[in-house]
Amino acid sequence: MFRVITRGAHTAASRQALIEKIIRVDHAGELGADRIYAGQLAVLQGSSVGSVIKKMWDEEKEHLDTMERLAAKHNVPHTVFSPVFSVAAYALGVGSALLGKEGAMACTIAVEELIGQHYNDQLKELLADDPETHKELLKILTRLRDEELHHHDTGVEHDGMKAPAYSALKWIIQTGCKGAIAIAEKI
Ligand SMILES: [Fe+2]
Ligand SMILES: [Fe+2]
């Protein structure tokens, strides 16, 4: 009696599909983050949180570079919505910063909390598939997850939760981001 033995839950084709889905959406997310902080800094440069935003932006640039490299390595095309996400994210950065530094930090809390959870979900998916095959990706996504959660904490430390209509603002931003994630995972 012959049995086909596959490690983990995925065949080679579905494993590649999993990797593509993850890298495409993460690339879109890091592009969005890069644009959000660019927009925030355009408004809040020279303010008391200018250097804080600049530091997070620098880290997002490195995250985006990392995703560019992974996309090239695994042959993953960017989402076709990249240009739309870029503009929307920059507008979100500018718009949130126009509410003041608390508004910018509320945006950071909302986005980074969601992205942190999203990276965690992806780590679980990869671990469930095959930790050995995905060793490099697991290491990278774990580091990025930790840095996003640090950004989240920075937003809390700098009074993001004191933004006007914080809960509503957070809900709106996270709902928008969830929509973008759902799109970028597919196309
Ligand atoms: Fe990031
Ligand atoms: Fe971040």
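**View 1. The iron ion (ligand 1) and its donors.** In this predicted model, the iron ion (ligand 1) is held at 2.0 to 2.8 Å by Glu 30 (OE), Glu 30 (OE), Glu 60 (OE), His 63 (ND1) and Glu 148 (OE). Donors are N, O and S atoms within 2.8 Å of the metal (3.2 Å for Na, K and Ca), and water is not among the atoms, so sites may look incomplete. Along the chain, the donors of this iron ion (ligand 1) follow the spacing E-x29-E-x2-H-x84-E. Glu 60 and His 63 both belong to helix H2 (residues 50–73), and because they are three residues apart there, about one helical turn separates them. Helices here are DSSP runs (H or I, at least four residues), numbered from the N terminus. Glu 60 counts as buried, at 0% relative accessibility, and His 63 counts as buried at 0% too. The terms work like this: buried means under 20% relative accessible area, exposed means over 50%, and partly exposed lies in between (1.4 Å probe, protein chains only).

A note on reading these views: residues are numbered from 1 along each chain as its sequence is written, while chains are lettered from A and ligands numbered from 1 in the order in which they are written. Local features need pLDDT of at least 70, side-chain atom pairs count only at pLDDT 80 or more, totals for chains, interfaces and linings use all residues, and side-chain values use heavy atoms, with hydrogens and water left out.

**View 2. The iron ion (ligand 2) and the bridge between the ions.** Look next at the iron ion (ligand 2), coordinated at 1.9 to 2.5 Å by Glu 60 (OE), Glu 112 (OE), Glu 112 (OE), Glu 148 (OE) and His 151 (ND1). The sequence spacing of its donor residues is E-x51-E-x35-E-x2-H. Glu 60 bridges this ion and the iron ion (ligand 1), and the two ions lie 3.6 Å apart. Distant parts of the chain are linked by the pair Glu 112 in helix H4 and His 151 in helix H5, which are 39 residues apart. Glu 112 counts as buried, at 2% relative accessibility, and His 151 counts as buried at 1%.

**View 3. Helix H1 beside helix H4.** The axes of helix H1 (residues 12–44) and helix H4 (residues 101–129) come within 11 Å and cross at roughly 165 degrees. That makes H1 roughly antiparallel to H4. Axes are lines fitted to C-alpha atoms, for helices over the stretch in contact, and angles run from 0 to 180 degrees between N-to-C directions. Angles over 145 degrees count as roughly antiparallel, under 35 as roughly parallel, 65 to 115 as roughly perpendicular and the rest as oblique. The crossing of H1 and H4 is left-handed (the near helix is turned anticlockwise from the far one by less than a right angle; clockwise would be right-handed). Residues making the contact include Leu 18, Ile 22 and Glu 30 of H1, with Val 111, Glu 112 and Tyr 119 of H4. Contact means heavy atoms within 4.5 Å. By class, the contact of H1 with H4 holds eleven nonpolar, four polar and eight charged residues. Ala, Val, Leu, Ile, Met, Phe, Trp, Tyr, Cys and Pro count as nonpolar, Asp, Glu, Lys and Arg as charged, and the others, Gly among them, as polar.

**View 4. Helix H4 beside helix H5.** H4 packs against helix H5 (residues 135–157) at about 155 degrees, with the axes 8 Å apart. That makes H4 roughly antiparallel to H5. Their crossing is left-handed, and the contact of H4 with H5 has 13 nonpolar, nine polar and four charged residues.

**View 5. Helix H1 beside helix H2.** Here the angle between H1 and H2 is about 155 degrees, and the axes are 8 Å apart. H1 and H2 are therefore roughly antiparallel to each other. H1 passes H2 in a left-handed crossing, and their contact divides into 14 nonpolar, four polar and eight charged residues.

**View 6. Two loops with positive phi.** Most residues other than glycine have a negative phi. Asn 75, in the loop between H2 and H3, has a positive phi near 60 degrees and counts as exposed at 65% relative accessibility. Asp 159, in the loop between H5 and helix H6 (166–186), has a positive phi of about 70 degrees and is partly exposed at 23%.
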